[in-house]
Amino acid sequence: MNFLNEVAQHYPDAVSLAAGRPYEEYFDVAALHRWLDRFHRHLVQEQGLGPEQARRTLLQYGRTKGIVHHLVARNLAVDEGITADPEAVVVTVGCQEAMFLVLRALRTDPRDVLLAVAPTYVGLTGAARLVDLPVRPVAGGPAGVDLADLAEQVRRARAEGLRPRACYVMPDFANPSGVSMDTAHRRRLLESAAEAELLLIEDNPYGLFPARDGERPPTLKALDTDRRVVYLGSFAKSVLPGARVGYVLADQRVAAPDGSVGLLADHLAKIKSMVTVNTSPIAQAVIGGRLLEHDCSLAGANTRERAAYARNLRHLLDGLARRFPPERFPGVSWTAPAGGFFVVVTVPFGVDDALLHRSAREYGVLWTPMAHFYDDGAVVNALRLSISAVSPAQIDLGLDRLAKLVADEVAALVGGGAGQPR
Ligand SMILES: Cc1ncc(COP(=O)(O)O)c(C=O)c1O
């Protein structure tokens, strides 16, 4: 992520189809004050806190598990049909901290490994590296996770004397693949995880952004009847990333080193108290106010954003079809996700950081090499485009520039020049 930021800073005039940042047009500084006030009123009028207590709640060091946990639980009920005990929620500094806490808690032995559907989010592999937890890839495939490969990876790891602790999945509009699991596959995944006695870590930052109307499939957590799913949430895309607030719902019962049994959330809170102490109550209050303003429905709060992302995704897919007709570009194809931020374009040449630099410098367009989402360092013939932080006009400009780059690379390939397909 730092690498991409650096490239973007180096080439400020390049159109960025790389950043997975949310749409900025609806950012509103004045709303922060309103949301803070709304949450403050909630503390006083609905929670019955005195003025001093309310002030302390907002401004003092605070509860490690957070102060908007009850609103997060309500949001999960309203938007996702998840029945969550507020005590099982830990409000974190972004979803990234939630990821770190969970992996830190799971990693108790040098034989521990994590499984993750490949390609996977770089923040996950980075956090796993920080806690010395090797990540083993599981094939994703068109269904979102290849269950035969999942079973095989668990078997193989155990045969090697390793302990697969969990499998990390993004069932909704995954980053980077864009793939979603249908409901039947979600159920099968839960069954497979139960058979393999494996925990699932469900990460869901994009679920609120389907590109088409209609029912969203239930989250794994909503289908989870035996506390097999640790659910990670982020308010970066559904409220604002600058608040840096996310959470984890961890309702598993776990044994502490002293033999006592408690909620995994409490164990995570102990770790959190040594990492960030507590999530900024001011930032939480902003998120809390936004939740309260919309009766805890972020689906309801994000109708404009959802429409903008759907429009951009359609625009990008139409633009790709216009610029890469199959008769002229037989080796170019792309995914057509049902929502979310990301489209993966496959090309007939290797895509690496050097090509990205050249793309930025000579063509004026940024994208993300798919190799970043695999941990094996191999060159991959694909790149990720993001539709989230651009306008339709920027998408057009970026695609024009990308089409020129691809045409030149293909021509070089035909002429025996640069770029060797893998
Ligand atoms: C799959 C995934 N998980 C987690 C995050 C990070 O969320 P946060 O900004 O809340 O730390 C992102 C951000 O892009 C993401 O794509």
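Strand β8 (residues 246–249) sends Gly-246 and Val-248 one way and Tyr-247 and Leu-249 the other, and all are buried (under 20% relative accessible area, with exposed meaning over 50% and partly exposed in between; 1.4 Å probe, protein chains only). In a regular strand the side chains alternate between the two faces of the sheet. The structure is a predicted model, in which local features need pLDDT of at least 70 and side-chain atom pairs count only at pLDDT 80 or more, while totals for chains, interfaces and linings use all residues. Residues are numbered from 1 along each chain as its sequence is written, and side-chain values use heavy atoms, leaving out hydrogens and water.

Strands here are DSSP runs of E with at least two residues, and helices are runs of H or I with at least four, numbered from the N terminus; two strands pair if DSSP finds at least two bridges between them. Strand β2 (residues 89–92) pairs with β8 in the antiparallel sense over four bridges, and Val-91 stands opposite Tyr-247. Strand β7 (residues 229–234) is also antiparallel to β8, again over four bridges, with Gly-233 as the bridge partner of Tyr-247.

Turning to another sheet, four strands form an open, antiparallel arrangement in the order β11-β12-β15-β14. Its edge strands, β11 (333–334) and β14 (368–369), each pair on one side only. Two antiparallel bridges join β11 to β12 (residues 342–351), and Ser-333 faces Thr-346 of β12. Helix α13 (residues 303–323) packs on this sheet, touching β11, β12 and β15 (380–386), and its direction makes about 30° with that of β12. Helix α15 (residues 392–414) packs there too, touching β12 and β15 at about 25° to β12. Contact means heavy atoms within 4.5 Å; axes are lines fitted to C-alpha atoms, for helices over the stretch in contact, with angles from 0 to 180 degrees between N-to-C directions.

The whole structure holds 25 salt bridges, each a side-chain nitrogen of Lys or Arg within 4 Å of a carboxyl oxygen of Asp or Glu. Glu-160 and Arg-136 form one, with the closest N and O atoms 2.7 Å apart. This pair links distant parts of the chain, 24 residues apart: Glu-160 sits in the loop between α7 (147–159) and β5 (163–169), and Arg-136 in strand β4 (residues 135–139). Arg-358 and Glu-409 meet in another, at 2.6 Å from N to O. Because Arg-358 lies in helix α14 (residues 353–363) and Glu-409 in helix α15, the pair ties together parts 51 residues apart in sequence. Glu-409 is buried, at 5% relative accessible area, whereas Arg-358 is partly exposed, at 23%.
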